[in-house]
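Student: I would like to go through this model and ask what stands behind each label.

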Amino acid sequence: MGILSWIILGLVAGGIAKFILPGRDPGGLIVTTLIGIAGSFVGGWLSSSLLHRPVTTSFYDPATWIASIAGAFVLLVGYRIVFGNSRD
């Protein structure tokens with residue numbers, strides 16, 4: 001998978017994580033998208049290093065999508081803990 005595929009995957013993963021964890025984020029849509037992209041990288045890294053499940057080169061691999069969404073969800077929860085749950 002190329003870098004563009006990871007960005008698209010992160011965008012979708014961030015949106016799905018935002019759907020799973022509704023509420024107002026301190027950073028809005030752009031920060032949620034960036035968290036999704038970072039979550040894709042973190043989820044893929046954790047999947048390959050801790051679970052010994054290497055990330056495949058296929059964009060349509062369900063394990064890759066699950067790892068990306070889980071990584072985005074974890075980062076979104078951490079972001080809300082650090083920066084608050086709502087905008088002022």
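**Labels and their cut-offs**

Tutor: Start with Ala70, which counts as partly exposed because its relative accessibility is 39%, and the label covers what lies between buried (under 20% relative accessible area) and exposed (over 50%), with a 1.4 Å probe and protein chains only. Ala70 lies in helix 3, and its C-alpha atom is separated by 9.6 Å from that of Gly36, 34 residues apart along the chain. The model is predicted: local features need pLDDT of at least 70, side-chain atom pairs count only at pLDDT 80 or more, and totals for chains, interfaces and linings use all residues. Residues are numbered from 1 along each chain as its sequence is written, and side-chain values use heavy atoms, with hydrogens and water left out.

Student: What makes a stretch a helix here, and how many helices are there in the protein chain?

Tutor: A helix is a DSSP run of H or I with at least four residues, a strand is a run of E with at least two, and both are numbered from the N terminus. By that rule the protein chain has 3 helices and 0 strands, in the order α-α-α from the N terminus on.

Student: Why is Ser40 called buried?

Tutor: Its relative accessible area is 0%, which is under the 20% limit, so Ser40 is buried. Ser40 lies in helix 2. Its C-alpha atom is separated by 6.9 Å from that of Ile69, 29 residues apart along the chain.

Student: Why is Ile69 called buried?

Tutor: The value for Ile69 is 18%, and 18% is under 20%, so the label holds. Ile69 has its place in helix 3, and its C-alpha atom is separated by 6.1 Å from that of Ala17, 52 residues apart along the chain.

Student: Is Ile35 buried or exposed, and why?

Tutor: Ile35 is buried, because its relative accessible area is 12%. Over the 88 residues in the protein chain, buried residues make up 32%.

Student: Why is Ile20 called partly exposed?

Tutor: At 48% relative accessibility, Ile20 falls between the limits of 20% and 50%, so it is partly exposed. Ile20 is found in helix 1.

Student: What makes the largest pocket a pocket?

Tutor: On a 1 Å grid over the protein atoms alone, a pocket is an open set of points with protein on both sides within 12 Å along at least five of seven lines, whereas a cavity is a set where a 1.4 Å probe fits but cannot get out. The largest pocket has a volume of about 190 Å³, that is, the space filled by probe spheres set on the points, which are joined across faces, edges and corners.

Student: Which residues line the largest pocket?

Tutor: Lining residues have an atom within 4 Å of a point. There are 11 of them, with Gly43, Leu46, Ser47, Ala67 and Ala70 nearest the centre. Helix 2 (28-49) and helix 3 (62-83) each supply at least two, and helix 3 gives the largest share, 5 residues.
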